[in-house]
Structures are given as C-alpha cells and as structure tokens.
Amino acid sequence: MLSKKNKEALFNPLSKDNPVLVQILGICSALAVTASLEPAIVMGISVIAVLAFSNVIISLLRKTIPTAIRIIVQLVVVAALVIIVQQILIAYNYDVSKQLSVFIGLIITNCILMGRLEAFAMHNSPWPSFLDGIGNGLGYTIILVIVAFFRELLGSGKLFGFQVVPQWCYDHGYENNGLMILAPMALITLGCIIWYHRAHNKELQED
Amino acid sequence: MNKNSNTYQILYAAVMVLLVGSVLALIYMALKPKQNENIANDTRKQILSALHIAAPDDSQVKEIYEKHIVQDLLVDYQGNIVDSAQNVAFDVNMKKNVKLAERQLPVMKCKMDDGSVKYVLPVYGAGLWGPIWGYIAMNDDGNTVYGANFSHEGETPGLGARIADQDFQDLFRDKHLFQQGDFKGLVVLKKGQKSPTGAEQVDALTGATITSRGVSDMLADCLAPYEAFLKKLQDEPQVEVPGEITNVVKPQ
C-alpha cells in the first residue's frame with residue numbers, strides 16, 4: 001500500500017516538493033482566500049477532494065485519452081468535480097459556500113490541478129495518483145493556513161473569527177494592520193515563508 | 001483502435017460531455033430542493049437581522065420569521081396596496097428591474113414582541129464584483145430606519161464584504177429618510193464629505209469605495225419609489241388592509 005514511491009508521492013509535497021513553495025503553483029487562490037482562517041481551511045479541503053478524485057479519474061482514463069485533447073478532458077473532469085463540490089456545499093453548508101462564493105469555482109483554474117494531472121496522473125496508476133492528490137492538496141492547505149493565520153491575526157486581531165488581541169491593546173494605541181487584509185501583504189507573507197523554507201532546505205537553493 | 005484518429009477523438013469528446021452533463025444534471029436536480037430551502041432560510045435570516053431579531057439556531061428561523069412577519073404587501077409607486085397575499089413580498093424577484101410605473105414594491109409588515117409595527121423594504125443593487133442586496137426595516141412613522149441588513153454575492157473579503165458586518169449595518173439605525181417633510185433618502189459617503197441634497201449620511205467603508213457607492217446607489221434607487229407609501233405611513237401609521245391585525249398599539 002505504502003511503498004517507498006507512494007510515500008514520496010504523499011509526503012514530498014508537504015515540504016520538499018510543496019506545490020506552493022517549491023512548484024509555485026496555486027499562488028492566485030493562496031492570495032485570495034487567506035484573509036481569514038475559516039475560508040482558507042474550507043478551500044483547502046475542497047482542493048484536496050477535487051485534486052484527489054480528479055487525479056484518480058484521469059489516472060483511470062489515462063490509457064484511453066487522446067493526446068490531442070487531453071487538456072480538455074482534464075478540464076472537463078476538474079470542472080465537473082468542482083461543480084459537484086459547490087452544489088454539495090450550497091446544499092449542506094450554505095454559510096461557508098456563501099463565504100467562499102466565487103473561489104470554489106476558481107478551483108478549476110487552480111494551477112496545481114492541471115499541473116498534477118499533467119505531471120503525475122497521466123503517467124501513474126490510480127493509487128499513487130490518489131496519494132499524490134492528497135499530498136499536494138495538503139501541502140497547499142498547510143501554506144494557506146499559515147498565511148491566513150498571520151493575515152487574520154495581524155489584519156483583524158482575530159483567529160477563526162474570535163477576537164484574540166485584547167481590547168487593552170487597542171486602548172493603548174494598537175491598531176489592526178489594514179494592509180494585511182489586502183492581497184499584496186499575502187504575497188509578501190508568502191515570500192517570507194518561501195524565504196524561511198529555502199533557508200532551511202539547502203538542496204532547494206539555487207545559485 | 002488508433003487513439004489519435006479524428007473519429008476516436010470526436011467520439012471520445014462527445015461521450016465524455018454527454019456523460020458528465022447528465023451526471024451534473026442529476027446531482028443538481030437531487031440537491032435543488034435542499035438548496036432552495038437553504039436560500040429561503042438565509043433570506044429569512046437576513047430579514048430578521050434587519051429587525052434585530054436573532055434566531056438561536058437555523059432550524060428555528062422559519063418559525064420565528066412566521067411569527068413576526070404578519071403580512072406581505074405589494075405596493076405601487078403611488079403608495080397603493082395592490083396585493084397582500086401570503087408571501088407575495090417574499091417571493092418578489094428583485095433582479096427584475098422593471099419600469100418605475102410598473103414596479104411592484106414589496107413590503108413586509110412585522111409585529112415586534114413589544115407590539116410595535118415595522119415595515120421591511122428590500123433593496124437590490126450592484127457592488128464591485130456582483131449583486132448586493134439588503135433589507136431596510138422602517139419604524140411605522142415611515143421616516144426612521146429601525147435596522148438594516150446587507151448581503152453580497154462576491155465582494156472582496158475584508159473590504160467590500162464588510163457591508164455585511166454588523167458594525168456597518170448599525171450605522172443606519174435611527175437615520176431619517178425625510179428632511180423637513182421632503183424625501184431625501186440616505187447616502188453613504190466618505191467621512192467628512194457632505195451630502196449635496198441634504199440627505200442624512202452614513203460613513204463609507206475605507207478601502208471599499210465602489211461597494212460603498214453601490215450601497216448608496218442601491219438605497220437611492222430602491223427606496224425612492226416608496227416615497228408615496230412612506231408618506232401614507234406618516235399620515236396614518238396603520239395602513240388599513242384586509243386581514244389587518246387590530247390590537248396594535250398606535251405610536252403617539
């Protein structure tokens with residue numbers, strides 16, 4: 001079940017081959033949904049689900065897909081899964097679906113999905129593809145959560161919507177940093193994480 | 001079979017589209033009733049929130065709503081009541097922006113726990129990325145705002161999306177739509193600016209200029225047609241309609 005190769009497919013994307021930090025994929029949504037923690041986590045779970053299942057489906061179909069239209073086939077599979085996730089969210093978790101609104105639909109354009117389908121699922125059997133999908137989805141989610149943690153804490157003084165910066169600080173002149181809410185600071189936060197990550201992984205450093 | 005022949009590709013694409021299409025249609029149909037219920041419940045929650053009524057949990061929203069909203073009305077721009085069937089105002093599709101003379105203006109009449117009567121007026125407009133809408137609860141003097149609730153489809157989180165925050169909505173409380181007997185509406189303006197028409201104003205949201213303007217335009221657009229209806233309320237606080245509740249305390 002978990003041979004060495006499969007373990008690599010599952011665990012490498014968490015750090016050494018992280019889709020956001022190393023492959024620099026999925027930056028767009030990492031900036032868009034990380035203003036607070038809750039949408040970031042739901043987005044992460046949705047991406048894990050869509051990525052794992054689209055990887056499996058494409059991997060099952062990989063021997064039948066005509067090369068000329070493979071991108072279209074991948075897109076159709078991803079789009080269908082995203083619509084299903086969206087419809088299920090509207091039916092069973094309406095509040096969160098309202099919060100995420102357009103971003104769920106934008107999973108379709110998330111570069112991680114097409115990237116993994118092209119690079120992995122088209123050449124591997126379903127089980128490793130499934131693990132690869134879970135691993136990459138998790139790698140993406142971890143980064144989203146880290147970025148969202150700093151943005152929500154510094155931008156709104158809250159975590160998961162609960163006030164954590166005490167009123168005392170505001171009374172003594174502390175202000176929420178409105179810039180943290182905006183996309184540019186998400187990019188800078190992400191840059192800092194990449195910096196830290198590279199500094200601790202010598203083999204990733206380029207000359 | 002040759003995977004790269006034209007026939008194979010066309011067949012492959014056609015079968016795939018048919019299959020995926022029917023699966024999606026099935027899922028959509030299966031989930032539709034549940035989704036509609038969620039959406040209706042959410043609308044009820046928004047209306048109740050404009051009235052400062054909180055539902056303890058989602059399963060009770062419908063019950064609480066039906067307890068407070070005693071009558072749905074449709075009025076025309078001259079202030080005449082044209083319909084008062086059950087849920088007639090709730091079911092109005094605000095997206096259909098018909099001509100002023102034909103516009104049917106929904107009003108929900110609510111009875112609060114303390115016996116006072118409020119009128120909820122739905123508003124609908126455009127934000128930066130998509131539609132925004134809301135509910136304005138009016139006191140029965142036809143002039144003072146009792147509460148407001150705004151929702152949006154996809155405004156920027158942390159910026160325009162803050163129109164849905166309680167802090168912003170609370171700014172509307174106790175504002176007046178009429179100045180010295182003339183209808184002026186409400187405007188949302190940057191702090192420090194003065195409304196040229198003399199309308200009462202609410203501070204706009206920092207960093208959300210276009211959404212704030214959207215709220216302002218929406219209020220101008222959707223509240224003005226109610227002028228005649230609100231005037232009638234001022235003259236005679238209890239609009240007499242068939243099926244009227246009788247034991248309501250008249251304000252002094």
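How many residues of chain A are in contact with chain B, and how many of chain B with chain A? I looked this up in a predicted model. The count is 20 residues of chain A against 23 residues of chain B. I then asked which element of chain A gives the most to that side. Helix α4 (residues 70-92) does, with nine residues. I sorted the chain A side by residue class: 15 are nonpolar, five are polar and none is charged.

Next, helix α10 (residues 183-200) of chain A. I checked its length. Its 18 residues, at 1.5 Å a residue, should span 26 Å, and the end C-alpha atoms are 26 Å apart, so the two agree. Which of its residues are buried? I found A:M185, A:A186, A:T189 and A:L190. These four lie on the same side of α10(A), because they cover an arc of only 145° around the axis.

Last, B:F168. I placed it in helix α3 (residues 166-170) of chain B. Is B:F168 buried or exposed? B:F168 has 20 other C-beta atoms within 10 Å, and 20 or more is the cut-off, so B:F168 is buried. Setting aside neighbours within four places in sequence, I found B:F168 in contact with B:R162, B:I163 and B:L205. I also checked B:D203, 35 residues away along the chain: its C-alpha atom and that of B:F168 are separated by 8.5 Å.

Key. Residues are numbered from 1 along each chain as its sequence is written. Chains are lettered from A and ligands numbered from 1 in the order in which they are written. This is a predicted model: local features need pLDDT of at least 70, side-chain atom pairs count only at pLDDT 80 or more; totals for chains, interfaces and linings use all residues. Two residues are in contact if their C-beta atoms, placed from the backbone, lie within 7 Å. Helices (H or I, at least four residues) and strands (E, at least two) are DSSP runs, numbered from the N terminus. Ala, Val, Leu, Ile, Met, Phe, Trp, Tyr, Cys and Pro count as nonpolar, Asp, Glu, Lys and Arg as charged, and the others, Gly among them, as polar. The expected span of a helix is 1.5 Å times one less than its number of residues. A residue is buried if 20 or more other C-beta atoms lie within 10 Å of its own, exposed if 12 or fewer, and partly exposed in between; C-beta atoms are placed from the backbone. The arc is that of the directions from the helix axis to the C-beta atoms.
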